[in-house]
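Open the model in your viewer and keep the selection panel to hand.

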Amino acid sequence: MLEIMEGSHAVAEAVGRCRPQVIAAYPITPQTHIVEALADMAANCEIDADYITVESEFSALSACLGASAAGSRVYSATTSQGLALMFEVCFNCAGMRLPVVMSIVNRAMGAPLSIWNDQQDSISLRDSGWLQLYAEDNQEATDLHYLAYKVAEDHRILLPSFVCFDGFILSHTYEPVDTLTQEQADSYLPPFRPYQRLDAADPVSFGLFASPDYYMEFRYAIDQALDKARSVIPEAGKEFNEMFGRDYSGLVEEYRLDDADVAIVAMGSICGTVKDAIDEMRDAGKRVGLLKIRCFRPFPHKEVRKALSGVTTVAVLDKNVSLGSRGAAALEVRDALYGSGVSVQGYIIGLGGRDVRKRDIASVVAKAEAGEGDIYYGLRQEVLR
Amino acid sequence: MKEDEAACVLFDSGHRACAGCAAAMVARLILDAAGKDTIVVSATGCMEVFSTPYPETAWKVPWIHSLFENNSAVASGVVASLKKQGRKEKVIALGGDGATFDIGMLCLSGAFERGHDFTYICYDNEAYMNTGIQRSGATPYDASTTTSPSGRCSYGNKRPKKDLPAILAAHGAPYVATASIAYPPDLRKKVEKAVNTPGPCYVQIHAPCCTGWGFEGEKTIAIGKLAIETGLWVNFEMEEGKVTRVKKVVRKPVEEYLKEQKRFRHLFRPKRNDDEIGKIQAIADRNAEKFGIDIQLKK
Amino acid sequence: MAMGLGCTARPGRSRENKTGSWRVFRPVFVHEKCTRCGMCTTVCPEGCIMEDEEGLPVTDYDYCKGCGLCAEECPSEAVEMTKEEK
């Protein structure tokens, strides 16, 4: 049923229908509306979850780790500094192969302190072994939670997953969202079936230390599972599409890319603006298209190469920067297209909530065509002076 | 099976603790008291490392190690998870004094404030032993460690031990106790009481470390006894914030304890430092007064 | 050997590590002096001192590290530490 809802509330509702048994979260802007809504559901017995009001994000994810290891489906949500505080636990969840699902309401990293949107937070955890899915709008942000649980808990995968969506731009925006009923949700997402759990009837030791004789193989096993996700995510997306008519079967998604000379690559809510800008440029006779990255980890190198092999120029928009290097997506895309002869230009854009307008996208395309790339787009020169 | 035979059942042989290790005794004795329906959440530290080098584990109960500082938070999650599944296992969070007094203090405080039903057990060997004997918030006054060495202008650790039992009692913990590996039956009784008391309970176990403190492994229990007999370690129980039971002793002078350990050798050599020994004696005297541990001998 | 997913292990494997090879001094139990008090079993950090049917201590020398706690704490001096002959 289509309802006009705030992004956070739509996500909270979807999370509730995923039936997490343990929720542990700590408040941080702009994630708060999600965890408040879930607390409200718990207080009114609308969800059957033990809600732990932890004293920090570090404990939030640690509690999720313990609850997951003991055999429960778990949920948390955070952003920015909160995610940074979880850094250590993030690597641990992945290494211990615990299918925790966590919403990341993307926000800039301090300093300077900023509560506004970019994607530096989740991108900074790209090496931690979590699946990373990025949503363009609130419908997608909502649906990706079902998909994330499905994939994370799949015994071929057993890895934790971020569902990333842009802070304020999506989390605090009212949009029409089609929410699944509980019956629909249950028919898509079966109850959690742990691969192994803490259980006195069948004792297992979790989290041993590995000497140099074993460590590399465990890291490799995580990477193998991420590679497997390259096919399991499309599988789960296809099933979702068959049941509910919304297609998330692609790790990437193309928009007017078929005959394009210039391709824009982007992630998250910026894709909506890019699509509008493309429509205008197309009307003016420019052959421009979009490749939206839905799944950043595992990174879909093959799909990217296939989708972009026909263009001459690629402009990658990064709402993050690997300081001292480039934007994270630009590096990946350049890697995917290595040797193809396609020109790849990177643009650091929209950091810390700086607005990105349609005309900025047109301007980026013009720069890319002129071979002017690997720059911060839209710097205010008068501030730098 | 006899009680003493059961002692070795749940924590297996083949672990890599030093010969004479008190922490290994702690693992064995607490599981003996808690029983097989117990889930243990360990912090990083000596005990974790010597008991679980992959693919070997000495733990015969379900056991999990995540990080150095999050065992209380992980335990919170385990408790919540069990509750939702209607399961009845007991949960023990286990950590050394570094994990407990210092780096894990935030998670520990949060878990106790929230009132999760679990028992936190600290094996207190009074320094970071796993990393090579660095001082912690549990290191006693004047102990020489690798980060509080004695020297020309240092007598060792400058601060007394943090009073963690009092801090946790102040959180409203229903049961807080101190114990020592020198008195196994008392230790077992306290752990049994803690795991069977609803709510967050705390047991702090004195675990003399032969390697870190500098004494021979066969003296582990003797040193533990001397700590109690000199009043530098007090075995007590607190119920609902009130001290309800204390082990009384006929006190010996602190130097009988100090002189047996390399970490206090600088107080005796090259020449005896009466001032500093006097300050440590004053700590023992304050303990004795505060807890009323002195047995008054009839003249 | 199948890897324990997420670096997990089942109980029993620590017994593959025969710590008895560390031993320099060997505890010898003098059963004539033993009062069957169980102190040695209780204090052994390895958990490798058992009691036989008669309640007398027997050590699993595969694991005994020779720390000497049993000898030190035995109230009837029924454990003697002797130099290990290899």
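Two residues count as in contact if their C-beta atoms, placed from the backbone, lie within 7 Å. Note before starting that the model is predicted.

**Stop 1: the chain contact.** Select chain A and chain B. The contact draws 36 residues from chain A and 37 residues from chain B. Now keep the chain B side. The elements giving two or more residues there are β1 (38-42), β2 (63-65), α4 (71-85) and α6 (105-114) of chain B. Colour α4(B): with 12 residues, α4(B) gives the most to this side. Then colour by class. The side of chain B that touches chain A holds 19 nonpolar, 11 polar and seven charged residues.

Stop 2: Select β9 (residues 205-206) of chain A together with β2(B). How do these strands run? They run parallel, joined by two bridges. Pick Phe206(A) next; its bridge partner in β2(B) is Ile64(B).

**Stop 3: two domains in chain A.** Where they touch, domain 1 of chain A supplies 28 residues and domain 2 of chain A supplies 20 residues.

**Stop 4: the domain 1 side.** Select α6 (120-123), β6 (131-134), β7 (161-166) and α9 (215-244) of chain A. Each supplies at least two residues of the side that touches domain 2 of chain A. Finish on α9(A), which gives the most to this side, with five residues. By class, the domain 1 side has 15 nonpolar, six polar and seven charged residues.

Note on methods. Residues are numbered from 1 along each chain as its sequence is written. Chains are lettered from A and ligands numbered from 1 in the order in which they are written. This is a predicted model: local features need pLDDT of at least 70, side-chain atom pairs count only at pLDDT 80 or more; totals for chains, interfaces and linings use all residues. Helices (H or I, at least four residues) and strands (E, at least two) are DSSP runs, numbered from the N terminus. Ala, Val, Leu, Ile, Met, Phe, Trp, Tyr, Cys and Pro count as nonpolar, Asp, Glu, Lys and Arg as charged, and the others, Gly among them, as polar. Two strands pair if DSSP finds at least two bridges between them.
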